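Take a look at the protein chain below. The report starts with its overall dimensions, then goes through its parts.

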Amino acid sequence: MQTPIGIAGVSGYTGVELLRILSAHPHVRVSALSAGASAGKPLDAIWPGFAGLDVPAVEPLDAATLAARCAVVFLALPHSAAPTLVPELLDAGVRVIDLGTRFRLRDPSAYARSYGHPHPCPERLPEAVYGLPEAHRGALRDARLVANPGCYPTATAIAAMPLVESGAVDWIVADCLSGVSGAGRSPGPRNLYCEVQESAVAYHAAGRHRHVAEMEQLLGVPVSFTPHLVPMRRGMLATVTARFKTPTTREALRERFAARYADHPAVTLRDTPPATADVRGTARAHVFVDWDDERGAAVAICAIDNIGKGAAGQAVHNMNLMLGLPETTGLPWLPLLP
Ligand SMILES: NC(=O)c1ccc[n+]([C@@H]2O[C@H](COP(=O)([O-])OP(=O)(O)OC[C@H]3O[C@@H](n4cnc5c(N)ncnc54)[C@H](OP(=O)(O)O)[C@@H]3O)[C@@H](O)[C@H]2O)c1
């Protein structure tokens, strides 16, 4: 049986990655596609590389159309778009996986602080499940509304969860690099070739990035987070440093990470620091951990593809759990090389 699914925002980077993965998924049928300004254009006018793919037309965003045709809808939209869409879809019995930020923070006042406007439907927050399979796999199986995590929180959490869960860490430092696609497809100074090529820059440092609240909610400790934009199309690298209250060893840390992720197929523990190229185009995370004996600190490094495990790949992983499928079904697993 094939579950009918819809993608809202297919003209964007995470939306088109959803289409790439879901059009080859054995247990779903792409039944509705929508976009904003690009609606009405043929798919191959928006994405010429998808010429010849047999999928529905790209239509304007409309809750009733999506509800009539789909059992599961993926929202790959800016957090400001379509404020009533999620309640409308849920009320129509559609399960929703939102790649945006709107349902990630449990506390509506935290949302208002981070995003500068009140939450449009705070009454729906309690039913949202934060979609990190490595943290909430059980709850995801029954979820009607999934808040797919941000890319920075995903990479940081995979590196940090085994450290924080040890109880030996009071706070962490997260130094993260992002590819330019992290800013989406809309043109702006952060994604102009002349401004990003051959250059790297930190931004929203010293607690000013919106993802800090999401990381701290998940990890339960303060996170000193510095994001950097680096000149690559896709990819994300998180380096997490945590001073331990009592000394440990590299071997003990590796055992802790191996046990933590033994039952989680999307996370691979590496013997060497991972590169973003090792996971490009995949729904996996590669993680490495080491111990700095002189400073009494653990250093964990996680590489993901910001659009894969950091967005669309993880969203499809969550859908597999919701539909009771083997969790890795249809997920891109090996990197695009070179
Ligand atoms: N990029 C990443 O690495 C990443 C990672 C994790 C999570 N996310 C989140 O995923 C979501 C999508 O990100 P993205 O990078 O894919 O963005 P994007 O490339 O800018 O695409 C945005 C999509 O939303 C559509 N859209 C915008 N306003 C709309 C409106 N009012 N009504 C209907 N459709 C509208 C756009 O359609 P038109 O272009 O046709 O107007 C486009 O299809 C965001 O919430 C982002 O925070 C992104």
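## Overall build

For a chain of 338 residues, a compact globule would have a radius of gyration near 20 Å. This chain has 19 Å, so it agrees with that expectation. Keep in mind that this is a predicted model. Along the principal axes, the C-alpha atoms fill a box of roughly 60 × 45 × 40 Å.

The chain has 11 helices and 14 strands. It is assigned two parts: domain 1 (3-149 + 309-322) and domain 2 (151-306). Their centres, taken over C-alpha atoms, are 24 Å apart.

## Where the domains touch

The contact between the domains takes 22 residues from domain 1 and 28 residues from domain 2. On the side of domain 1 that touches domain 2, helix H5 (108-115), H6 and H11 each supply at least two residues. H11 has the largest share of that side, with seven residues.

What classes of residue make up the side of domain 1 that touches domain 2? There are 11 nonpolar, seven polar and four charged residues.

## The parallel sheet

Now look at E6 and its partner. Three bridges join E6 to strand E7 (residues 145-147), and the two run parallel.

## The mixed sheet

A further open sheet of seven strands has mixed pairing. Its order is E9-E10-E8-E11-E14-E13-E12. Strand E9 (201-202) and strand E12 (267-269) stand at its edges. Each has a single partner strand, so one side of each lacks a neighbour in the sheet. In general, strands of a sheet pair through backbone hydrogen bonds, either parallel or antiparallel.

Which way do strand E11 (residues 236-243) and strand E14 (residues 297-304) run, parallel or antiparallel? They run antiparallel, joined by eight bridges. Leu237 has Ala303 as its bridge partner in E14. Helix H7 (residues 151-164) packs on this sheet. H7 touches strand E8 (172-178), strand E10 (223-229), E11, E12, strand E13 (285-292) and E14. Its direction makes about 145° with that of E14.

## Around the ligand

How many residues surround the ligand? There are 32, and the closest are Gly12, Gly36, Ser38, Gly100 and Gly184. Two elements give two or more residues to this shell: helix H1 (13-22) and helix H11 (308-322). H1 gives the most, with three residues.

The shell draws at least three residues from each of domain 1 and domain 2. By class, the shell holds 14 nonpolar residues, 17 polar residues and one charged residue.

## Two backbone details

Most residues other than glycine have a negative phi, and most peptide bonds are trans. In the loop between E9 and helix H9 (211-219) sits His204. Phi of His204 is near 45°, a positive value in a residue other than glycine.

The other place is the peptide bond from Leu337 to Pro338. This bond is cis, with omega near -5°. Pro338 is in the segment after H11.

Definitions and conventions. Residues numbered from 1 in each chain as written. Predicted model: local features only at pLDDT ≥ 70, side-chain atom pairs only at ≥ 80, totals over all residues. Near = placed C-beta within 6 Å. Helix = DSSP H or I, 4+ residues; strand = E, 2+ residues; numbered from the N terminus. Nonpolar A, V, L, I, M, F, W, Y, C, P; charged D, E, K, R; others polar. Domains from an automatic or database assignment. Pairing = 2+ DSSP bridges. Contact = placed C-beta atoms within 7 Å. Rg over C-alpha atoms; globule rule 2.2 N^0.38 Å. Axes fitted to C-alpha atoms, helices over the stretch in contact; angles between N-to-C directions.
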